[in-house]
Amino acid sequence: MAERTPLVVVGDALLDHDLTGTADRLAPDAPVPVVADCAERRRPGGAALTAYLAARDGREVTLITGLGDDEASHALRRLLDGTVELIPLPLTGPLPEKTRVLAADRPLVRLDRGDGRTREATDAAREALSRAPAVLVSDYGRGAADALRDTLTERPPLVWDPHPRGGPPVPGTRLVTPAEKEARAFAGVGEGLRAVAHGAATLVRRWRAAAVTVTLGPRGALLSYGEHPLLVPAPAAHHGDACGAGDRFGATAAGLLADGALVEEAVAGAVTAATEFVGAGGAGAALRGERPRLPVDDPYALADRVRATGGTVVAAGGCFDLLHAGHVGLLQAARRIGDCLIVCVNSDASVRRRKGDGRPVNSLADRVRVLRALACVDAVAVFDEDTPGRLLTDLRPDVWVKGGDYAGADLPEAALLEGWGGQAILLPYLDGRSSTALLERALGSAV
């Protein structure tokens, strides 16, 4: 791997606490949940989280931030020790702290304390900025970016993550990354994609930035250079803990830009990284060193999760070369049988052996992408053999579905499923629909 460009992060650090427990009853004196058996975890927050995540990416990171002599500041220093180089700026009060109370990993309430703000810049901070190969501003509205604004103006950063309580990005910033709510407030626009696109273009001109990307949560991000926007969709939809996703986005975008990526490439990489970050459990999981969860469409993990909760795993198979109404009807009916549907699809070589040269018409990557786009399909698994027997043995579905065109013939997978108590069944196809017939009609009309 090529050596990664060092990064200087300027911004406001926080100390975050997560109190995680269980809640299965309400308090007798008020209609509020009782959270029991709480475990407390402390982690870097704000600009400190951004710097920590950038360092976890394998690059040398320096954090310029306000720190004091209070207990929270000392705790943050210990958390960052050995990972991030610190250049402290004087604080007017104790380091801000955020405490979240969670039950079953879902936040119930947040408590904030500490009103410390960066009082002034230092010579050490200015010198670090003047020789920094790449700079990211993570502004949480507590004075660090404002204290160094003159130095940042002389050498605009690659990325500026703004805050409503902070000042505007300095002119010449390469990429500004407000969240959707922040962008609408900055630009004074309403809700909806059209309004966000108009607002992003307005902010490019107002801030004199090279580009503005508005993060849209599970929808991805909208990138604007001041005219027609580019929408970068998220690769998957996750509904986990989104705490820290913006910091993950900023750290990734700045790192990629520092390493020479184009703005579009940096935004696409940041969308992917933030999506995976949320799917892995957010900041709490990342800082505990937990391994990322398997993708939501991983067929084996999905089957295990459904079985663990007593659900029914359904699988269906085929080439699905030219997806038609018969396929869709079959898959929709199969999904209604159980709690998840895993589609087992032949590889290109397997289709070629079955159908002959010239097939498949659509490559495996295209066939898988189309299948995954169907709402009734929860995951796709690929097999390279002539039959899905080995794949089924690994997945062990409760139900195996084939189309009604197999009527009158033995289902070779039936005996296999009986081995673990599964059942093979037939579902009717819509009459007159098949990939072969569709292809023949298409070829005939082209003559």
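Visitor: How many bridges join strand β14 to strand β17, and which way do the two run?
Guide: In this predicted model, strand β14, which covers residues 313-318, is joined to strand β17, residues 399-403, by three bridges, and the two strands run parallel. If you look for one of the partners in β17, Val-314 has Val-399 as its bridge partner there.

Visitor: What holds strands of a sheet together in general?
Guide: Strands of a sheet pair through backbone hydrogen bonds, and they can do this in either a parallel or an antiparallel way.

Visitor: Which sheet do β14 and β17 belong to, and in what order do the strands come?
Guide: They belong to an open sheet of five strands, with the order β16-β15-β14-β17-β18 and with parallel pairing. At the edges stand β16 (379-383) and β18 (423-427), and because each has a single partner strand, one side of each is left without a neighbour in the sheet. From one strand to the next, the twist averages 30°.

Visitor: And β16, is that mostly covered or mostly open?
Guide: Strand β16 is mostly covered, since four of its five residues are buried, which means under 20% relative accessible area. Its pairing with β15 is in the parallel sense and extends over five bridges, and Ala-379 in β16 is the bridge partner of Ile-342.

Visitor: Which helices lie across β15 and β16?
Guide: One is helix α11 (residues 299-308), which lies across β14, β15 (340-346) and β16 and runs at about 150° to β15. Another is helix α14 (residues 364-372), which lies across β15 and β16 and runs at about 165° to β15.

Visitor: Changing topic, what is the strand order in the sheet with β6 and β7?
Guide: That open sheet has four strands in the order β3-β2-β6-β7, and here the pairing is mixed. The edge positions are taken by β3 (36-46) and β7 (106-113), each with a single partner strand, so one side of each has no neighbour in the sheet. Neighbouring strands of this sheet are turned by 20° against each other on average, with direction ignored.

Visitor: How do β6 and β7 run, parallel or antiparallel?
Guide: Strand β6 (residues 97-103) and β7 run antiparallel, with seven bridges joining them.

Visitor: Now for a helix pair: where do α8 and α9 sit relative to each other?
Guide: The axes of α8 (residues 245-258) and α9 (residues 263-279) come within 8 Å and cross at roughly 145°, and the crossing is right-handed.

Visitor: Which residues meet there?
Guide: From α8, those taking part include Phe-249, Leu-256 and Leu-257, while the residues in α9 include Val-267, Ala-270 and Phe-277. Taken together, the residues of this contact divide into 14 nonpolar, two polar and two charged.

Technical notes. Residues are numbered from 1 along each chain as its sequence is written. This is a predicted model: local features need pLDDT of at least 70, side-chain atom pairs count only at pLDDT 80 or more; totals for chains, interfaces and linings use all residues. Side-chain values use heavy atoms; hydrogens and water are left out. Two strands pair if DSSP finds at least two bridges between them. Axes are lines fitted to C-alpha atoms, for helices over the stretch in contact, and angles run from 0 to 180 degrees between N-to-C directions. A crossing is left-handed if the near helix is turned anticlockwise from the far one by less than a right angle, and right-handed if clockwise. Contact means heavy atoms within 4.5 Å. Ala, Val, Leu, Ile, Met, Phe, Trp, Tyr, Cys and Pro count as nonpolar, Asp, Glu, Lys and Arg as charged, and the others, Gly among them, as polar. Buried means under 20% relative accessible area, exposed over 50%, partly exposed in between (1.4 Å probe, protein chains only).
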